[in-house]
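Here is a short report on one protein structure. Look over the sequence and the model first, then read on.

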Amino acid sequence: MKLEKIYKFLDSISPFESQEKWDNSGLLLGDFDNEISKVFLSLDIDEVLLETCSENSLLITHHPLIFKPLKDLANNLYPKAFIKTMMKKNISLISLHTNYDKSHLNAYFTEEILGFKNYKQEGFLIYVDLDSSFSCLLELLKQKLNLKLLKTSFCGKEKISRIAICTGSGGDLIPFVNADCFLSGDFKYHQALEALSNKLSLIDIGHFESEECFSKSLANSLQNLPLEVIITNSKNPFTLS
């Protein structure tokens with residue numbers, strides 16, 4: 001199957017033009033005329049993945065490998081070494097980032113991972129109406145995400161009637177959240193202070209933990225294409241010790 005046809009299919013389900021201005025989703029490496037028979041899906045790229053990927057294949061990631069402008073490929077620092085390896089093996093790369101957050105990933109995480117079936121989506125934010133306490137919500141999330149610890153910022157409101165959810169890093173959305181509690185990852189110190197001032201509790205569900213379902217989510221859409229689709233498991237760069 002031509003790479004161009006795969007790209008057009010991805011664009012039809014999650015338009016690349018809907019990505020944020022600062023983003024770099026789309027075709028990052030490869031040629032539209034490339035013939036593709038095998039596709040690897042991954043949240044990110046690492047050395048193990050590139051060893052696994054066969055020559056002339058397509059790699060589809062959530063996070064763009066090429067994000068900031070590159071002036072050269074002169075050393076083996078990240079991401080240059082990965083790019084050079086991919087060029088040697090003729091591996092093409094497409095990234096679906098903020099466009100896919102809005103079209104699929106936030107909703108998939110909310111419904112398939114957390115189990116909330118009734119929700120509303122407003123841009124990057126998913127809203128779920130609940131009748132819960134903060135402590136019960138916390139225990140539910142630990143169970144669903146298989147985590148023993150979650151970083152929180154509690155504003156004092158134990159009763160939770162509405163939560164907001166954003167996969168990845170959603171701290172910049174705090175001023176626009178209309179809920180009792182906001183679930184996202186990578187919350188910063190001053191963002192927590194801002195949330196407390198706004199009477200908004202935060203639960204940091206982790207950037208990796210909230211987006212590691214990317215591959216399974218996209219595989220559902222690709223299952224009817226004449227391609228061999230391989231789901232790969234990215235590794236969380238952080239550990240608790």
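## Cysteines

C53 is buried, at 1% relative accessibility. The model shown here is predicted. Its C53 sulfur lies 20 Å from the closest cysteine sulfur, in C213, which is too far for a bond. A disulfide needs two cysteine sulfur atoms within 2.5 Å.

C166 is in no disulfide either. For C166, the nearest cysteine sulfur is that of C213, 12 Å away. C166 is buried too, with a relative accessible area of 5%. How many disulfides does a search of the whole structure find? The search finds 0.

## Helix 4 and helix 8

Helix 4 covers residues 98-113, and helix 8 covers residues 214-222. Their axes come within 10 Å. They cross at roughly 110 degrees. Helix 4 is therefore roughly perpendicular to helix 8.

Which residues make the contact? Helix 4 supplies Y100, H104, L105 and Y108. Helix 8 supplies F214, K216, S217, L218, N220 and S221. By type, the residues of this contact divide into 5 nonpolar, 4 polar and 1 charged.

## T110

T110 is also found in helix 4. Is T110 buried or exposed? At 0% relative accessibility, T110 counts as buried.

Methods
Residues numbered from 1 in each chain as written. Predicted model: local features only at pLDDT ≥ 70, side-chain atom pairs only at ≥ 80, totals over all residues. Heavy atoms only, no water. Axes fitted to C-alpha atoms, helices over the stretch in contact; angles between N-to-C directions. Helix = DSSP H or I, 4+ residues; strand = E, 2+ residues; numbered from the N terminus. Parallel < 35°, antiparallel > 145°, perpendicular 65-115°, else oblique. Contact = heavy atoms within 4.5 Å. Nonpolar A, V, L, I, M, F, W, Y, C, P; charged D, E, K, R; others polar. Buried < 20%, exposed > 50% of the residue type's maximum accessible area, 1.4 Å probe, protein only.
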